[in-house]
Amino acid sequence: MVRKKEKKRETMTEKERLMKEKIERREADWIPKTELGRKVRNGEINSIQEAIDSKLPLLEPRITDLLLPDLQEKVIEFKKTAKVRRAGRQFSFRGSVLIGDGKEFVGMGTAKDKEKWPAIKKATNKAKLSLVRVRKGCGSWECTCGMPHSIPFQVKGKCASVRITLKPAPKGVGLVAGDNIKQVLEFVGIKDVWSETRGSTATKLNFVRATIDALSKTTGMKASEEMMKKARA
Ligand SMILES: [Zn+2]
């Protein structure tokens, strides 16, 4: 993953590099716009658990950055799309980014932009606002180690026509799943799982979404969604 990131940096054009710097500079002097943002910035809230307990909505990606500093990012899909207009073809980019802290949070975002880098940046920010909390466990009756290497019980997830079932597996089995599912499981540090899927494999992103949906059922809570719901209530 790290290698991939470096490669990306090498192939970045001068224009993209400048744009990236501009975005990073703007984010360095972050002025929080929400109450949760202010509390995180001034040190009143120091962990994601405190943020969830506060029942305040998570609406700023910077909050996720500060509370989950070990967050990893991966561009899982990147496409150039074209729209035919009277003036000719108009290109834009669509990026999808998966994020995870390797322990208990995972998220995915998709976004479009006329430029490459902003499309990825927007997708990353969306992912940071759609965190799902995952509970790991040792749910297989064949395993009694009690360590959080798998999931605590069987869960199902769906997205469009895709259906996924994740089952707890004993230690050493590994991730018995397709690559699209595997990368999500790896991003929360799950090591052993059996899976069953249905649906067209051409819809890669739907597999990722269905996996996240299934994992969200280990806690019955989509962390950030839950926080927004509570805030509205
Ligand atoms: Zn076990």
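**Pairing, packing and burial in a predicted chain**

Colleague: Which residue of strand 4 stands opposite phenylalanine 105?

Modeller: Phenylalanine 105 faces arginine 133 in strand 4. This is a predicted model, in which local features need pLDDT of at least 70, side-chain atom pairs count only at pLDDT 80 or more, and totals for chains, interfaces and linings use all residues. Residues are numbered from 1 along each chain as its sequence is written.

Colleague: What makes strand 3 and strand 4 antiparallel partners?

Modeller: Strand 3 (residues 105–113) is joined to strand 4 by two bridges, and the two run antiparallel. Two strands pair if DSSP finds at least two bridges between them, so the two bridges here meet the requirement. The strands themselves are DSSP runs of E with at least two residues, while helices are runs of H or I with at least four, both numbered from the N terminus. By that count the chain has nine helices and eight strands.

Colleague: What is the order of the strands in the open sheet with antiparallel pairing?

Modeller: The order is 1-2-3-4, in an open sheet of four strands. Strand 1 (72–85) and strand 4 (132–133) each have a single partner strand, so one side of each is left without a neighbour in the sheet and both stand at the edges.

Colleague: How do you know that strand 1 and strand 2 pair?

Modeller: They share 13 bridges in the antiparallel sense, and lysine 79 stands opposite arginine 94 in strand 2. The two strands form a hairpin with two residues between them. Strand 2 also pairs with strand 3 in the antiparallel sense, over eight bridges. There, valine 97 stands opposite glycine 109, and glycine 100 has valine 106 as its bridge partner. Strand 2 and strand 3 form a hairpin with four residues between them, and glycine 102 in the turn has a positive phi of about 75°.

Colleague: Why is leucine 205 called partly exposed?

Modeller: Leucine 205 has 17 other C-beta atoms within 10 Å. A residue is buried with 20 or more such atoms, exposed with 12 or fewer, and partly exposed in between (C-beta atoms are placed from the backbone), so 17 puts leucine 205 in the middle class. Leucine 205 is found in helix 8. Leaving aside its neighbours within four places in sequence, leucine 205 is in contact (C-beta atoms within 7 Å) with Glu77, Ser96 and Thr110. For the chain as a whole, buried residues make up 35% of the 233 residues.

Colleague: How do you know that the buried residues of helix 7 line one face?

Modeller: The buried residues of helix 7 (residues 179–186) are Asn180, Ile181, Val184 and Leu185. Seen down the helix axis they fall within an arc of 135°, so they line one face of helix 7. That arc is taken over the directions from the helix axis to the C-beta atoms. These residues pack against strand 2, strand 3, strand 6, strand 7, strand 8 (193–198) and helix 8.

Colleague: Which residues touch the most other members of the largest nonpolar core?

Modeller: They are Ala51, Leu98, Val106, Val184, Leu185, Val193 and Leu215, out of 46 residues. Such a core is a set of buried Ala, Val, Leu, Ile, Met, Phe, Trp, Tyr and Cys residues joined through C-beta atoms within 7 Å. Helix 8 gives the most to this core, with six residues.

Colleague: Why does this core lie between domain 1 and domain 2?

Modeller: Domain 1 (2–132) and domain 2 (155–228) both give residues to the core, so it lies between them. The domain bounds come from an automatic or database domain assignment. Leaving aside neighbours within four places in sequence, valine 106 is in contact with residues including Val132, Val184, Ile212 and Leu215.

Note on methods
Contact = placed C-beta atoms within 7 Å.
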